[in-house]
Amino acid sequence: MNVKKNLWAILVITFASAIYALGFVWCFAPNDIAFGGITGVAQIINHFIPVFPVGMTVIVLNIPLFILGWRFIGGRLLVLSLYAMFISSVFIDILTPLYDWQPMEPLLACIFGGLLMGLSLGFVFQQGATTGGTDLAARLLKLVFKWLPMGKLLLAVDLIVVVSVALAFQTINTALYGLVALYISTLALDGVLYGMDTAKVAYIISDHNEEIRRTLVEDLDKGVTILHGQGAYTGAEKQVLLCAFKQREIATIKSAVKGLDPNAFLIVCDAHEVLGEGFQVYHSDGL
């Protein structure tokens, strides 16, 4: 089982790293858009000393960070992160001379570059890895600031690098475009990590609670919790059914409730990171 899990993680990381490299060489590098992370630092070094390729520079700069990370992060995460960092750097150095990457409309480069970067990082983080550098720094910060999304943490760390890249290229547009790309990357990253796991919570108030409860539990195999409430106007005691379910089941739930009681009061809310049977399993080092 662990072998299959690790092989799948390596496959996903390899694919995500290729997307990461494509976003960099296609959208960021040709347009001199400020890029965060260690890749951004490597971009600065490459700008002043072209003999140092970006990919290899990233590997060298990451060595001390990974030594520090080994102390605070588990071995599996660090090994996968080393692989992600290495393979993404290799893809950058392979793709750079493979095609004559020409500048494009800067705004398009920001949008698609940020999207590609955010998606790739999201898939890497999902597999319990990072691409090193500020990604690893953000992952370490997550151990302290557990309530902050990974995208927001990475955004804060990368802002410093983006400003530094802008100073290196000596243009304010570089920083502004970099901030746009970084924000889009943050949205895409958090979308992969948290947005795809959206669930719903329904609060049901009805005079036919027993029939609704039985249908949800026995026919639809849903967990239901009975809450005790009281009408503020009438003072009458009311039972409130609480039911969590997946996004794709919303039509079935609404149809079942309204089919049994057309007058039922139904409140459906968004829910994120639902932990428990039928949903996610809690991990102390999870994102």
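Colleague: How closely do the axes of α2 and α7 come, and at roughly what angle do they cross?

Modeller: Two packed helices are described by the angle between their axes and the distance between the axes. Here the axes of α2 and α7 come within 9 Å and cross at roughly 15 degrees. That makes α2 roughly parallel to α7, where angles under 35 degrees count as roughly parallel, over 145 as roughly antiparallel, 65 to 115 as roughly perpendicular and the rest as oblique. Axes are lines fitted to C-alpha atoms, for helices over the stretch in contact, and the angles, from 0 to 180 degrees, are taken between N-to-C directions. Please note that this is a predicted model, in which local features need pLDDT of at least 70 and side-chain atom pairs count only at pLDDT 80 or more, while totals for chains, interfaces and linings use all residues. Residues are numbered from 1 along each chain as its sequence is written, and side-chain values use heavy atoms, with hydrogens and water left out.

Colleague: Is the crossing of α2 and α7 left-handed or right-handed, and which residues of α2 meet α7?

Modeller: A crossing is left-handed if the near helix is turned anticlockwise from the far one by less than a right angle, and right-handed if clockwise. α2 passes α7 in a left-handed crossing. Gly37, Gly40, Val41, Gln43, Ile44, His47 and Phe48 of α2 meet α7 at Asp158, Val161, Ser164, Val165, Ala168 and Phe169, contact meaning heavy atoms within 4.5 Å. By class, the contact of α2 with α7 has 7 nonpolar, 5 polar and 1 charged residues. In this count Ala, Val, Leu, Ile, Met, Phe, Trp, Tyr, Cys and Pro are nonpolar, Asp, Glu, Lys and Arg are charged, and the others, Gly among them, are polar.

Colleague: At roughly what angle do the axes of α1 and α5 cross?

Modeller: The axes of α1 and α5 come within 8 Å and cross at roughly 160 degrees. α1 and α5 are therefore roughly antiparallel to each other, and their crossing is left-handed. Among the residues making this contact are Ala16, Tyr20, Phe24 and Phe28 of α1, together with Ala109, Phe112, Met117 and Leu121 of α5. By class, α1 with α5 has 15 nonpolar, 4 polar and no charged residues.

Colleague: What is the handedness of the crossing of α5 and α8?

Modeller: The crossing of α5 and α8 is right-handed. The axes of α5 (residues 106–126) and α8 (residues 172–193) come within 7 Å and cross at roughly 35 degrees. Their contact comprises 18 nonpolar, 5 polar and no charged residues.

Colleague: How many helices and strands are there in the chain?

Modeller: The chain has 10 helices and 4 strands, where helices (H or I, at least four residues) and strands (E, at least two) are DSSP runs numbered from the N terminus. The order from the N terminus is α-α-α-α-α-α-α-α-β-α-β-β-α-β. Of the contacts between residues at least 6 apart in sequence, 72% join residues at least 24 apart.

Colleague: How many residues has the largest nonpolar core?

Modeller: In soluble globular proteins, nonpolar side chains tend to be buried together. The largest nonpolar core here has 31 residues, and Phe24, Phe28, Ile92 and Met150 have the most contacts inside it. Each of α1 to α8 supplies at least two residues of this core, and the largest share, 6 residues, comes from α1. Apart from this core lies another, of 10 residues, among them Ile204, Leu241, Phe245 and Ile253. Such a core is a set of buried Ala, Val, Leu, Ile, Met, Phe, Trp, Tyr and Cys residues joined through side-chain atoms within 4.5 Å. Leaving aside neighbours within four places in sequence, Ile92 is in contact with Tyr20, Ala21, Phe24, Val25, Val54 and Gly55.

Colleague: Is Ile33 buried or exposed?

Modeller: Buried means under 20% relative accessible area, exposed over 50%, and partly exposed in between (1.4 Å probe, protein chains only). Ile33 is buried, with a relative accessible area of 1%, and lies in the loop between α1 and α2. Beyond four places in sequence, the contacts of Ile33 include Phe28, Gln43, Pro106 and Tyr177. Gln127, in the loop between α5 and α6, also counts as buried, at 15% relative accessibility. Buried residues make up 41% of the 287 residues in the chain.

Colleague: Is Asp221 buried or exposed?

Modeller: Asp221 is exposed, with a relative accessible area of 65%. The place of Asp221 is in the loop between α9 and β2, and its phi is near 55 degrees, a positive value in a residue other than glycine. Glu210, in helix α9, counts as partly exposed at 40% relative accessibility.
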